[in-house]
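Dear colleague,

Please find below the structure I am handing over to you.

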Amino acid sequence: MSRTALRICPLCEATCGLTLTIEGARVTHARGDRDDVFSKGFICPKGASFGAVDADPDRLRTPLVRRDGELREATWEEAFDAVAAGIRPVVERYGPNSVGVVLGNPNVHTMAGALYPAVLLAGLGTRSVFTASTVDQMPKHVSSGLLFGDANAIPVPDLDHTDHLLLIGANPLESNGSLCTAPDFPGKLKALKARGGTLVVIDPRRTRTAKLADRHIAVRPGTDALLLAAMAQVLFAEGLTEPTPHVQGVEEVADALREFTPEAVAAACDVEADVIRTLARELAAAPTAAVYGRIGSCTVPHGTLASWLVDVLNILTGNLDRPGGALFPQAATDRTPRPAGPGRGFALGRWHSRVSRHPEAKGELPLSALAEEIDTATEEGEPIRALIAVAANPVLSAPDGDRLDRALDSLDFMVSVDPYLNETSRHADVVLPPPPPSQSPHHDFAFNTLAVRNQVRYTRPAIPLEPGRMAETEILARLILAVTGMHGADPAAVDQMVIDQTLGKAVKEPHSPVHGRDPRELVAELTGDTGPERRLDMMLRLGPYGDGFGVRPDGLTLQKLLAHPHGIDLGPLRPRLPQPLKTRSGKVELLPQPIADDLPRLKRSLEERPDGLVLVGRRHLRSNNSWMHNVPALTGGSNRCTLHIHPEDAERLGVRDGAQVRVKGAGGEVTAPAEVTDDVRRGVVSLPHGWGHNRPGTRLSHAATDPGVNVNQLLDGRLLDPLSGNAVLNGVPVEVAPETAPGCASVTEKLTALT
């Protein structure tokens, strides 16, 4: 007999509510939850395939431990014994920095991934931390940190109310949005146009989003910051600025951008000067407007400057922190809002990587540097000898996966928390598989801080944990104990430690609703069936909408949230400045010194124009990085690993549609089928990210039938945005030739010049 259960979809950043049909212990159908306060019934192909993702037969069901060179099934006790025996000796002999930690994108899609990695890092004390952020979004974190004093204070476009939306390097009709949590992003863009608003898309590809736009600007890849700088220069030159309050440094920015005129950047951007002026004037003239940039503007040589300029334009037009513009969300689990005033600010480069001396950003080192931190000896300290990978597949997501593949094989020990034996976890000595999503609770700690409407939702597991499975929260708690010298302790102690520390600090903070109270009494008031639920209850009660442990009787608690299974609507985004600011001045610091110091490099780029083809990536609606290529329902059709190439470039190079072509970059060469299309501009080719499922030792049976190629193998890892350490994945020079042609000439000299 079937039943239904609610579940928040964890398969992309849209966080849509689902209604699952369950027969026995199996999800047989998924549809949009029409009563969900946020998504209101919207669903995409990924959510509709929830049951297939959940029941993938290649998901690991038991831990694997390497014995005599082979990974074999083991008990949970054997697995954690092996973790403790493998990690602790490395820490004790070589120090904590000899243990690297890699956190993958799926971490932000689970409760466990939000609640435990920070505890793991604090317990280990390692600075060898790498995440997917440095192949994705770190420039936005850095620019926000420098502007607002908080790397996580990221304003999002008020999609439901804006009159003019300018998207740069973003394709939300395929990605469902990123760093902007918005169920039914396509519907919101159509509603914008229906109410008479304007949609502008800046992208070298004519994406599905670009086809919907009123104006599409096919900019030369990698020149996003130049185009945005010229738009800002026009605002200053024509007296079109009306800066947001609580801002300092406006005149300094005017001086710094004076030379970036439309005429100066037009040739580099391949956009006419008059078009750039029109973009700026229309932005300034709109009653309300928002500029939103995403991965295409982050994964370029000037990613941090482009991210900074997105907010500069919002600020100069008075659209930051006002309805219809770009606003700061307020999540239910945010910390208790502190009074407005100066903060500690944001610092870069507090330490550096051992080999190439890359500065840290937000406590992380570039993922591009992971291989050299393992395989290169220096006098600056020990290399990474052991690795903990949590929901991470850097062999596919980082540049030069072949080198990283070899480096991982040289480690003394590796543990991977992953449901699959994939291109990275196959190197592990221990693999700890979390259960499928239907058997896990869900609350979006990270994505609610980026949501276009304030709301709060929580779903308990739709299906009880299968015998032999271990909750992901318990896996990570036991992992923390095993690697920090407390192996064998009760995993509940990890949650209790966090609760005790958090409440101990809260009662000492004058602005806290529990200031001066006894933390032991507060602990006794917490509800929830598990340690993670008790932590969620604590965060809700201390948060901006919480009951403050009885201070505000109508405020949020876990029990109140459980009584509203479709979520609680907390209202539209509202102006919040200056409260979110944590800069030392207590104001938006419009021209931070690291930004000012990097502008000369942007000016020099005016003369850097690749003669040949350049590479960009692309997104597919039915996948999320490398996650879902093992699900038959989500592959095929448009979700294919092909090289998009413009018809004129194809004719010039002798490339036929469907024929195999060789693509060569500084990191290597791949062969993929050509797809001739005018959806890319001349001089640009495009390969999607997340493919390359052809390495031995994996258990991805469906993905292996159509493995595609790893686009990141074309990169050697040397090209980074220097402020953020983000990998340059777009606008990279490549050479393309039919598979039967002689070998492509080397492009190393061109890439060296760009560096």
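Cys16 is buried, with a relative accessible area of 8%; buried means under 20%, exposed over 50% and partly exposed in between, with a 1.4 Å probe and protein chains only. This is a predicted model, in which local features need pLDDT of at least 70 and side-chain atom pairs count only at pLDDT 80 or more, while totals for chains, interfaces and linings use all residues. Residues are numbered from 1 along each chain as its sequence is written, and side-chain values use heavy atoms, with hydrogens and water left out.

The closest cysteine sulfur to that of Cys16 belongs to Cys12, at 6.2 Å, which is too far for a bond. Cys12 is likewise buried, at 8% relative accessible area, and its sulfur lies 5.1 Å from the closest cysteine sulfur, in Cys44, again too far for a bond. With a disulfide taken as a pair of cysteine sulfur atoms within 2.5 Å, the count is 0 disulfides.

Turning to the helices (DSSP runs of H or I, at least four residues, numbered from the N terminus), the axes of α20 (residues 492-506) and α22 (residues 531-542) come within 9 Å and cross at roughly 15°. Axes are lines fitted to C-alpha atoms over the stretch in contact, and angles run from 0 to 180 degrees between N-to-C directions. The two helices, α20 and α22, are therefore roughly parallel to each other (angles under 35 degrees).

Residues of α20 including Val498, Ile499 and Leu503 meet residues of α22, among them Met538 and Leu542, where contact means heavy atoms within 4.5 Å.

Kind regards

Notes: Angles under 35 degrees count as roughly parallel, over 145 as roughly antiparallel, 65 to 115 as roughly perpendicular and the rest as oblique.
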